Amino acid sequence: MSEYVDPDLSASAEAEQGLGSSDDPGHDAVGYETYGDGAYTVVQHHMDGSTDVLIDRDGDGMADVVMHDADGDGIAEVTMLDNSGDGRLDTMLRDFDDDGIADEISMDTNGDGRIDVVSSDSDGDGLIDRVAADTDHDGRVDTWSRDTDFDGRTDEVRVDLTGDGVADQVLRDTDHDGVADTVSYLNPAVNPYAAR
């Protein structure tokens with residue numbers, strides 16, 4: 001899918017963001033607030049009215065949560081998380097309408113630095129209704145799932161079987177039992193039932 005810059009706060013970036021290693025005496029300096037047991041929070045207010053909050057939950061000197069509030073209203077439009085605990089931010093939550101509910105979730109599930117799953121709430125009801133995934137981690141989306149009737153359950157999955165970035169197969173589950181009711185082939189070349 002697309003590459004993104006990992007705002008990993010290791011090495012030189014730590015100094016820029018005010019986070020040092022856990023044994024750094026700078027953790028006791030002004031600007032650090034304890035957050036739970038052994039964790040630290042840095043809040044940065046910028047001249048343009050935006051605010052960044054960096055949270056080091058485990059006290060290792062690297063941010064585990066980074067929140068960016070572009071308009072300073074207290075609601076983060078972008079939140080990045082280190083869900084795997086490896087010191088790299090691997091998940092990004094985006095709130096496009098500034099209502100405090102994530103509209104899109106992007107994840108790097110295999111730690112290669114590239115987004116491979118994007119989940120979105122296209123109708124703003126707070127439920128994910130579209131997912132695009134790069135299941136083989138080759139940098140291209142190969143699986144799309146949708147909740148076409150917006151009832152909170154996936155009922156259509158499109159799969160790219162040839163690796164060209166275009167769906168070849170469509171599976172539909174109209175009764176939501178987890179088993180495809182119909183399977184259609186958009187590309188006759190991959191249809192095992194087509195006459196050759």
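1. Thr135 lies in the loop that links strand E9 (130-133) to strand E10 (143-146), where strands are DSSP runs of E with at least two residues, helices are runs of H or I with at least four, and both are numbered from the N terminus. The model is a predicted one, in which local features need pLDDT of at least 70 and side-chain atom pairs count only at pLDDT 80 or more, while totals for chains, interfaces and linings use all residues. Residues are numbered from 1 along each chain as its sequence is written, and side-chain values use heavy atoms, with hydrogens and water left out.

2. Thr135 is exposed, its relative accessible area being 51% (exposed means over 50%, buried under 20%, partly exposed in between, with a 1.4 Å probe and protein chains only). Apart from neighbours within four places in sequence, Thr135 is in contact with Asp142 and Thr143, contact meaning heavy atoms within 4.5 Å.

3. The side chains of Thr135 and Asp142 form a polar contact at 2.8 Å (a pair of N or O atoms within 3.5 Å, one able to donate a hydrogen and the other to accept it, with residues adjacent in sequence counting only if both atoms are side-chain atoms).

4. The largest nonpolar core comprises seven residues, Val42, Leu54, Ala63, Val66, Val78, Met80 and Leu89, such a core being a set of buried Ala, Val, Leu, Ile, Met, Phe, Trp, Tyr and Cys residues joined through side-chain atoms within 4.5 Å. Among the residues that Val66 touches, not counting those up to four places away in sequence, are Leu54, Val78, Met80 and Leu89.
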